[in-house]
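This report describes one protein chain, from its overall make-up down to a single residue. Please keep the sequence and the 3D view at hand while reading.

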Amino acid sequence: MKDNSIAIWQSIADEMINNDLEEEALYYFNKILEIDPVNHEAVENKAYALHILGKGEEAIEYVDQYLEHNPFDVHVWILKGDLLSDHYYGEEAALECYNQALAIDAKNQEAWVKKAYALKEKGSYAEAADCFMTAIELFQEKDISEYPIEYQECFQGYSCELCEEFNSCLELMDD
């Protein structure tokens with residue numbers, strides 16, 4: 001019964017988010033978290049809703065509390081880095097989070113990409129290029145042949161974007 005309630009509440013909360021009703025969605029995320037305090041999706045969505053509502057500091061505090069008890073959640077470390085970057089704590093603070101995520105899972109492509117963008121923003125173009133290259137290499141290891149063609153096309157577009165960012169870093173290094 002609990003799993004069914006979680007699925008229903010998640011569906012309602014998703015619909016509310018889609019209709020810009022983040023405050024109302026928080027109620028359902030909290031209900032999910034009462035049953036399953038480490039529900040990864042609800043944790044991320046609650047922090048996202050708080051962020052959208054202009055409660056960035058509260059979102060960061062919430063994520064910090066979660067990470068105290070779940071320090072190996074790669075995705076929440078990435079989320080914390082994004083929140084810190086968005087709320088003017090700077091790229092250094094965000095980089096610490098992306099590095100923590102990579103210490104847990106060195107093959108997490110999202111963490112490598114986020115780290116690369118943070119380094120590029122900071123002006124560390126050589127390091128950013130290395131991170132983009134790692135992300136590209138991880139991307140090329142994935143077998144997407146079994147996925148629908150639309151997904152494969154999206155994946156290829158993303159790969160091209162990473163290559164362009166890599167080349168941009170190389171050009172900026174030459175300047």
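The model is predicted. The protein chain holds nine helices and zero strands, and its pattern along the sequence reads α-α-α-α-α-α-α-α-α. Some values for the whole chain are listed here.

| Property of the protein chain | Value |
|---|---|
| Box filled by the C-alpha atoms, along the principal axes | roughly 55 × 40 × 30 Å |
| Share of the 175 residues that count as buried | 43% |
| Accessible surface | about 10100 Å² |
| Share of that surface belonging to carbon and sulfur atoms | 49% |
| Distance between the mean positions of the 11 positive and 39 negative charges | 6 Å |

Contacts can also be sorted by separation in sequence. Of those between residues at least 6 apart in sequence, 49% join residues at least 24 apart.

In soluble globular proteins, nonpolar side chains tend to be buried together. Here the largest nonpolar core has 51 residues. The residues with the most contacts inside this core are Phe 29, Ala 47, Val 63, Leu 83 and Phe 132.

Ala 47 sits in helix H3, which spans residues 40-52. Is Ala 47 buried or exposed? Ala 47 counts as buried because its relative accessibility is 0%, and the cut-off for buried is under 20%. Apart from neighbours within four places in sequence, Ala 47 is in contact with Ala 59, Tyr 62, Val 63, Leu 79 and Leu 83. Glu 57 is ten residues from Ala 47 along the chain, and their C-alpha atoms are separated by 9.9 Å.

Key: Residues are numbered from 1 along each chain as its sequence is written. This is a predicted model: local features need pLDDT of at least 70, side-chain atom pairs count only at pLDDT 80 or more; totals for chains, interfaces and linings use all residues. Side-chain values use heavy atoms; hydrogens and water are left out. Helices (H or I, at least four residues) and strands (E, at least two) are DSSP runs, numbered from the N terminus. Buried means under 20% relative accessible area, exposed over 50%, partly exposed in between (1.4 Å probe, protein chains only). Contact means heavy atoms within 4.5 Å. Accessible areas come from the Shrake-Rupley method with a 1.4 Å probe; for residues, only the protein chains shown count as cover. Lys and Arg count as positive and Asp and Glu as negative; His and the chain ends are not counted. The place of a charge is taken as NZ of Lys, CZ of Arg, CG of Asp or CD of Glu. A nonpolar core is a set of buried Ala, Val, Leu, Ile, Met, Phe, Trp, Tyr and Cys residues joined through side-chain atoms within 4.5 Å.
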